[in-house]
Amino acid sequence: MAGNGPLEGVRVVELAGIGPGPFAAMLLADLGADVVRIDRPGGAGLAIKPAYDVTNRNKRSVVVDLKDENGPATVLDLVERADILIEGYRPGVAERLGVGPEPCHARNPRLVYGRMTGWGQQGPLAQRAGHDIAYIAITGALGMIGKTDEPPAIPANLVGDYAGGSLYLVVGVLAALQHARSTGEGQVVDAAIVDGTAHLSAMIHGMMAAGGWQDRRGANLLDGGCPFYGNYETSDGGYMAVGALEQQFYEEFVTLLGIADQAPARKDLARWGELRSAIEAQFRTRTRDEWTAVFQDSDACVAPVLSLREAPDHPHLKERGTFVEHSGITQPAPAPRFSATPGTVRTGPALPGAHTEDVARDWDVQSLITDDKEQA
């Protein structure tokens, strides 16, 4: 498989799952790693149609039945030639299937074994089912998002699954890979969404300890409690996002908004309600596009709130190529960017089992062919 990106030459085995594991493997693949996804016969639960599953782009797929007597041995043949393995089972499942850390490290002592779970490998909840919303709920992250008099707002599954989960798994396995290459010693990386999400709130905990953050939503500088950091409806039902925190940005904001003469002092917390009402009323006098034009060349820190379908057409994102089209799907381009080893979307979503012969040849794992024929 043609390499592309700073991880060219790194081999990754991904045991198929849903959510943060596939996304983490996609990120490694976007950065140039040769990711081989071990799909199970029949596919995974909650999976979308394989041809549209962008999280499987830049990967190759083979189908192995880990419950078949020859399945674990085939995976271990791949593990012997891999640098990283990623799995997202409940604790103990990989061990029962015969592909846990012990047999994997027996075959490949340098292997980085990445484990992706919601609750972690240990603890009272480790064996319980869960999803993003529950993981971020117990960390305090969910409780701080939304308005004071409404239930917490649900941030899709971006905060838990992907920010607190996938990104921490990727950081972990790459750090462990550096260690393995320096020492020859592999290890297990326990990436739990609860741990990563809690870690994301480090600054907030510091602010709270210093008395600069109240432990309730809708009452703080960054959670919508501040009138010059929030979303405001326009005359056509659209929204503008305002983040004019610093004094100089705030002054430009109220001037362009047209309320500089009537706005109360920004530091007068007792009049924040009055300030919010003035901002709300003014934004409702024009459409979202009209306000976008007003603020587009300023440092007022104001931007239109776009939908997922609108975002790729934003002039800034369009010029940067933040979104690309591949395999008939508009999708985010690989990130971050590298000056010497740029990543690209090389292939569309890997269809289950589509690359068995190629992987068997490139990784020199002939048991894949045998296993595939036996399943057929």
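Trainee: Where is the place of P6?
Mentor: P6 sits in the segment before β1, and β1 covers 11–15. Helices (H or I, at least four residues) and strands (E, at least two) are DSSP runs, numbered from the N terminus. This is a predicted model, with residues numbered from 1 along each chain as its sequence is written. Local features need pLDDT of at least 70, side-chain atom pairs count only at pLDDT 80 or more, totals for chains, interfaces and linings use all residues, and side-chain values use heavy atoms, with hydrogens and water left out.

Trainee: Why is P6 called partly exposed?
Mentor: Its relative accessible area is 36%. Buried means under 20%, exposed means over 50%, and partly exposed lies in between (1.4 Å probe, protein chains only). P6 is therefore partly exposed at 36%.

Trainee: Which residues does P6 touch?
Mentor: P6 touches L31, F338 and T341, leaving aside residues up to four places away in sequence. Contact means heavy atoms within 4.5 Å. P6 also lies 6.0 Å from G32, C-alpha to C-alpha, though 26 residues separate the two in sequence.

Trainee: What is the order of the strands in the open sheet?
Mentor: The six strands run β3-β2-β1-β4-β5-β6, with parallel pairing. β3 (59–63) and β6 (187–192) are the edge strands, since each pairs on one side only. From one strand to the next, the twist averages 20°.

Trainee: What makes β1 and β4 a pair?
Mentor: Two strands pair if DSSP finds at least two bridges between them. β1 and β4 (residues 84–87) have three bridges and run parallel. In this pairing, V13 has L85 as its bridge partner, and E14 stands opposite I86.

Trainee: How many bridges do β4 and β5 pair over?
Mentor: Four, in the parallel sense. L85 has Y113 in β5 as its bridge partner.

Trainee: Which way do the residues of β4 point, and are they buried or exposed?
Mentor: I84 and I86 point one way, L85 and E87 the other. All are buried.

Trainee: Which helices pack on the sheet?
Mentor: Helix α2 (residues 71–79) touches β1, β2 (34–39) and β4, and its direction makes about 155° with that of β1. Helix α6 (residues 158–183) touches β4, β5 (112–117) and β6, and makes about 165° with β5. Axes are lines fitted to C-alpha atoms, for helices over the stretch in contact, and angles run from 0 to 180 degrees between N-to-C directions.

Trainee: Why are α6 and α7 given the label they have?
Mentor: Their axes come within 8 Å and cross at roughly 100°, with α7 at residues 193–200. Angles under 35 degrees count as roughly parallel, over 145 as roughly antiparallel, 65 to 115 as roughly perpendicular and the rest as oblique. α6 and α7 are therefore roughly perpendicular. V159, G160 and Y168 of α6 are among the residues making the contact, with I193 and L200 among those of α7.

Trainee: At what angle do α9 and α11 cross?
Mentor: At roughly 130°, with axes that come within 10 Å; α9 is residues 247–257 and α11 is residues 288–295. That makes α9 oblique to α11.

Trainee: Which hand does the crossing of α9 and α11 have?
Mentor: Right-handed. A crossing is left-handed if the near helix is turned anticlockwise from the far one by less than a right angle, and right-handed if clockwise. F253, L256 and L257 in α9 meet W291, V294 and F295 in α11.

Trainee: What do β10 and β11 form?
Mentor: A hairpin, with two residues between the strands. β10 (residues 323–326) and β11 (residues 329–332) run antiparallel, joined by four bridges. H326 has I329 as its bridge partner. In the turn, S327 has a positive phi of about 55°.

Trainee: Which domains does the assignment give?
Mentor: Domain 1 (11–199 + 323–368) and domain 2 (229–305). Such bounds come from an automatic or database domain assignment. Over C-alpha atoms, the two centres are 41 Å apart.

Trainee: How many helices and strands are there in the protein chain?
Mentor: 14 helices and 11 strands. Buried residues make up 43% of the 376 residues.
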